[in-house]
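User: Could you walk me through this model? I'd like to start with the core and then move on to the contacts.

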Amino acid sequence: ASPCHAPALNNLAFLRRRQQRIQEAIDLYEQSLQCNPDGYLAHLGLGHIYYSDVRERERAAQHYTRALEELDPLHKDARMLKERILELTW
């Protein structure tokens, strides 16, 4: 089995997305979730990709919902996540 380091995978995925290498970013975030299924940053990153780049509303909402579940309700991202989820599901 390959070593599993979710923070490194998330960082690499973030860079791949910025380079417009979207499928590579998705694959890296998915690898990160295999290491840590509750990973906030991986769910957030996939939410952003499915929201903005791939435009798959249902998958974006799923990942944003999972990200929100991992957050403290007072976290700075909580409001944005709630707004995106509402936008995508109504």
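This is a predicted model: local features need pLDDT of at least 70, side-chain atom pairs count only at pLDDT 80 or more; totals for chains, interfaces and linings use all residues.

User: OK, how many residues does the largest nonpolar core have, and which have the most contacts inside it?

Analyst: The largest nonpolar core has 23 residues, and Y64 and L81 are those with the most contacts inside it. Such a core is a set of buried Ala, Val, Leu, Ile, Met, Phe, Trp, Tyr and Cys residues joined through side-chain atoms within 4.5 Å; buried means under 20% relative accessible area, exposed over 50%, and partly exposed in between, with a 1.4 Å probe and protein chains only.

User: Which elements give two or more residues to this core?

Analyst: They are α1 (6-18), α2 (22-35), α3 (40-53), α4 (57-69) and α5 (78-89), where helices are DSSP runs (H or I, at least four residues) numbered from the N terminus.

User: And what does L81 touch?

Analyst: Leaving aside residues up to four places away in sequence, L81 touches Y40, L44, Y64, A67, L68 and L71, a contact being heavy atoms within 4.5 Å.

User: Switching to charges: how many salt bridges does the structure hold?

Analyst: The structure holds nine salt bridges, each defined as a side-chain nitrogen of Lys or Arg within 4 Å of a carboxyl oxygen of Asp or Glu. One of them joins R66 and D38, whose closest N and O atoms are 3.0 Å apart. Because R66 lies in helix α4 and D38 in the loop between α2 and α3, this pair ties together parts that are 28 residues apart in sequence.

User: Which residues are linked in a network with those two?

Analyst: D38, R66, E69 and E70 are linked in a network of salt bridges. R66 counts as partly exposed at 25% relative accessibility, and D38 is also partly exposed, at 41%.

User: Next, how do α2 and α3 cross?

Analyst: Their axes come within 9 Å and cross at roughly 150°, the axes being lines fitted to C-alpha atoms over the stretch in contact, with angles from 0 to 180 degrees between N-to-C directions. The two helices are therefore roughly antiparallel, a label for angles over 145 degrees. The contact involves residues including I22, A25, I26 and Y29 of α2 and L41, A42, L46 and I49 of α3.

User: Last topic: which residues other than glycine have a positive phi?

Analyst: Q20 has a phi near 65°, and R55 has one near 60°. Most residues other than glycine have a negative phi.

User: Where do Q20 and R55 lie?

Analyst: Q20 lies in the loop between α1 and α2, and at 57% relative accessibility Q20 counts as exposed. R55 lies in the loop between α3 and α4, and R55 likewise counts as exposed, at 65%.

Terms used:
Residues are numbered from 1 along each chain as its sequence is written. Side-chain values use heavy atoms; hydrogens and water are left out. Angles under 35 degrees count as roughly parallel, over 145 as roughly antiparallel, 65 to 115 as roughly perpendicular and the rest as oblique.
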